[in-house]
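Q: Could we go through this structure together? I would like to begin with the terms.

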Amino acid sequence: MAVSINVTQAVGLICEALLYGVYCVLFITSVIILIKRYRVSNRVIWVANCLLFTASTAHFALMFNHFYITLENAPFSEFGNETPVLMGANLMISVVDVIGDLLLLYRCWLVWGKNFYVIILPLLTALGGFGCILPIPSLLLSIDPTSPVPPIKIVPLTIAGYALPLCTNIMVTVLIAGRLWHISRIPIVDEHGKPVILKIATGGRPMMLIIESGALYMVTQLIFVVLVAVRNPAEAVLSLAGTQIYGIASTLIIIRVGLGISSEQTMSAMTQVEFRSRQDTTDMRSVSS
């Protein structure tokens, strides 16, 4: 028995409502931390945080408004039908996705010493995915607005629209984790004057936490791409809930930045330790001479 799109949309809205509550708490926490600790003066973090929450809130508001109007003025059987309001909500999903990707790209750019060439390919895949998603709502509206899954004609475009951001997330997560692992192995000189490799404890923790934060984002996208590829009606549930998951994953990273335990601060601390170790080595050689 085929699952009605109205059922999947309703279940998805309930899941999104619960996750939006979690997101609100995390967003308020992130704002308090960023204001109270004065650790982050970077406007990019503030803008990304506010834009993410605004886009996620707009999506939930549009969906809830559509649900309310449908219950009041139309049969519930029309809840899942594509409308201009739902087209706007679908656009907000992609906006949240691309903002989250850009935030990860920004942090990757910082971790790699502001090397733009490192993020060129992930940036292109993120923008390419967003470009693929933009025409989908209007195509769905013109082809079959009552379809519980994307029509066959637009499935390849839909898959590309979500697979490309997934590639971005995978590449950025690997780049950040690999860079942190590399710089955590700092060469120093021990008390006997012998070079050793010091594995700083704070280097492993941020790497693992970054991987976990990226994994939350990445797993959601991966499952959604698979559901779209097999044309499973459950993709409607994840498309709604995933919007808030994208915001939650990104806000967790922002909270880490505010707490001073992000990769940027870790890298800065490691650089200072490395500089001091090299300076000590030079001083020891000067004394020996």
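A: Buried means under 20% relative accessible area, exposed means over 50%, and partly exposed is in between, with a 1.4 Å probe and protein chains only. This is a predicted model, in which local features need pLDDT of at least 70, side-chain atom pairs count only at pLDDT 80 or more, and totals for chains, interfaces and linings use all residues. Residues are numbered from 1 along each chain as its sequence is written, and side-chain values use heavy atoms, with hydrogens and water left out.

Q: Is phenylalanine 53 buried or exposed?
A: Phenylalanine 53 has a relative accessible area of 16%, so it is buried. Phenylalanine 27 also counts as buried, at 14% relative accessibility.

Q: How many aromatic pairs are there in the whole structure?
A: A search finds seven. Rings of Phe, Tyr and Trp (its six-membered ring) pair if their centres lie within 6.5 Å; planes under 30 degrees apart are stacked, over 60 edge-to-face, and the rest tilted. The pair of phenylalanine 27 and phenylalanine 53 is stacked, because the ring centres are 4.0 Å apart and the planes are at 5°.

Q: Which parts does that pair tie together?
A: Phenylalanine 27 lies in helix α1 (residues 5–37) and phenylalanine 53 in helix α2 (residues 43–73), so the pair ties together parts 26 residues apart in sequence. Helices here are DSSP runs (H or I, at least four residues), numbered from the N terminus. Both rings also belong to one aromatic cluster with Tyr20, Tyr23, Phe60 and Phe64.

Q: What about tyrosine 162 and phenylalanine 224?
A: They form an edge-to-face pair, 4.4 Å centre to centre with 75° between the planes. Tyrosine 162 is in helix α6 (residues 155–184) and phenylalanine 224 in helix α7 (residues 201–229), so this pair ties together parts that are 62 residues apart in sequence. Tyrosine 162 is buried at 10%, and phenylalanine 224 is buried at 4%.

Q: Changing topic, which residues of α4 are buried?
A: They are Pro122, Thr125, Ala126, Gly129, Cys132 and Ile133.

Q: Why would residues three or four places apart point the same way?
A: An α-helix has 3.6 residues a turn, so residues at that spacing point the same way.

Q: And where is tyrosine 117?
A: Tyrosine 117 is in the loop between α3 (84–111) and α4. Its relative accessible area is 69%, so it is exposed.

Key
Helix = DSSP H or I, 4+ residues; strand = E, 2+ residues; numbered from the N terminus.
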